[in-house]
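Student: Could you walk me through this protein, step by step?
Tutor: Gladly, let's look at it together.

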Amino acid sequence: MQKSTKSVMAYQCDWCGNTTESFIVTGEYKHFCRYQTPGHPPTKDCMQDYLDDLKKNPIIPLPNTIYKSDFYS
Ligand SMILES: [Zn+2]
């Protein structure tokens, strides 16, 4: 008996590491879980968490690009 294979799209969240079938993809091709009931705020929104974290911890340029080695000498 042949089982119909249903292809389930699941990705690993780039933020929390969970594998999820409810996700969004960003322009950077990152996948984040997002659980939302229409008409309600998301119950889980890893992209928002990721973006909030980026704001809190901006990516620091490499020391040899902008910062001189004063701090490191
Ligand atoms: Zn997640």
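This is a predicted model: local features need pLDDT of at least 70, side-chain atom pairs count only at pLDDT 80 or more; totals for chains, interfaces and linings use all residues.

Tutor: Residues are numbered from 1 along each chain as its sequence is written.

Student: What pattern does the protein follow along the sequence?
Tutor: Helices (H or I, at least four residues) and strands (E, at least two) are DSSP runs, numbered from the N terminus. Read along the sequence, they give β-β-β-β-β-α.

Student: In which order do the three strands of the open sheet lie?
Tutor: Two strands pair if DSSP finds at least two bridges between them. Strand S3 (23-25) and strand S5 (44-45) are the edges, each pairing on one side only. Three bridges join S3 to the antiparallel strand S4 (residues 31-35). The order in this antiparallel sheet is S3-S4-S5.

Student: Which residue is the bridge partner of Val25 in S4?
Tutor: S3 and S4 run antiparallel and share three bridges. In S4, the partner of Val25 is His31.

Student: Is Thr20 buried, partly exposed or exposed?
Tutor: Thr20 sits in strand S2 (residues 19-20). A residue is buried if 20 or more other C-beta atoms, placed from the backbone, lie within 10 Å of its own C-beta, exposed if 12 or fewer, and partly exposed in between. Because Thr20 has 19 other C-beta atoms within 10 Å, Thr20 is partly exposed.
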